[in-house]
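Trainee: I have the model open and want to work through one part of it. Can we take it step by step?

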Amino acid sequence: CTGNGICKCRVCECFPNFTGSACDCSLDTSPCMASNGQICNGRGTCECGTCNCTDPKFQGPTCETCQTCLGVCAEHKDCVQCRAFDKGEKKETCSQECMHFNMTRVESRDKLPQPGQPDPLSHCKEKDVDDCWFYFTYSVNSNGEASVHVVE
């Protein structure tokens, strides 16, 4: 019974937190906990203490690795641009596609949120359609609400 149960009449009786015919399946989900506090990053199921990623783009022990994904900054650049400056590729579809985050304008880069806050934070520097740099931060709180701070 792999040391996780007692064999009685050739059948394993598993200790608490173990299951399976040989008690080889752990019910402990802590190895599946992603850095955002979700089981398998919300992109898989925890089976026997191991993540089974249901979204094929994501892999790794907690379904957090994505080789083909855009970075957070590139992914949200067009929406930040249309919301903050009313320009860019999503200007015409901004109200349909880009309302998924709360936006706050700040006067300068030193007024942007800084690392050290409890929510994961990305500092972004992207080029707009006029080839000018613009700066913003993107963070998601524990309730899954996204916030953007953008320099005017």
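**A helix and its sheet**

Mentor: Start at the end of the helix. In this predicted model, Asp86 follows H1 and has a positive phi, near 55°.

Trainee: How far apart are the end C-alpha atoms of H1, and what should its residues span?

Mentor: H1 has 14 residues. At 1.5 Å a residue, they should span 20 Å. The computed distance agrees with that: the end C-alpha atoms are 19 Å apart.

Trainee: On which residue is the kink in H1 centred?

Mentor: H1 covers residues 72-85. Its kink is about 35°. That residue is also listed among the buried ones of H1, along with Cys73 and His76. The kink is centred on Asp78.

Trainee: Which elements do the buried residues of H1 pack against?

Mentor: The buried set includes Cys79, Val80, Gln81, Cys82 and Ala84. Those buried residues pack against helix H2 (94-97), S7, S8, S9 and S10.

Trainee: Which strands stand at the edges of the sheet, and why is one side of each left without a neighbour?

Mentor: Four strands form an open sheet with mixed pairing, in the order S7-S10-S9-S8. Each edge strand has a single partner strand, so one side of it has no neighbour in the sheet. The edge strands are S7 (101-106) and S8 (121-127).

Trainee: What is the bridge partner of Leu121 in S9?

Mentor: S8 pairs with S9 (residues 133-140) in the antiparallel sense. Seven bridges join them. In S9, the partner of Leu121 is Ser139.

Trainee: What angle does the direction of H1 make with that of S9?

Mentor: H1 packs on the sheet and touches S7, S8, S9 and S10 (146-151). Its direction and that of S9 make an angle of about 110°.

Key
Residues are numbered from 1 along each chain as its sequence is written. This is a predicted model: local features need pLDDT of at least 70, side-chain atom pairs count only at pLDDT 80 or more; totals for chains, interfaces and linings use all residues. Side-chain values use heavy atoms; hydrogens and water are left out. Two strands pair if DSSP finds at least two bridges between them. Helices (H or I, at least four residues) and strands (E, at least two) are DSSP runs, numbered from the N terminus. Contact means heavy atoms within 4.5 Å. Axes are lines fitted to C-alpha atoms, for helices over the stretch in contact, and angles run from 0 to 180 degrees between N-to-C directions. The expected span of a helix is 1.5 Å times one less than its number of residues. The bend at a residue is the angle between axes fitted to the seven residues ending there and the seven starting there. Buried means under 20% relative accessible area, exposed over 50%, partly exposed in between (1.4 Å probe, protein chains only).
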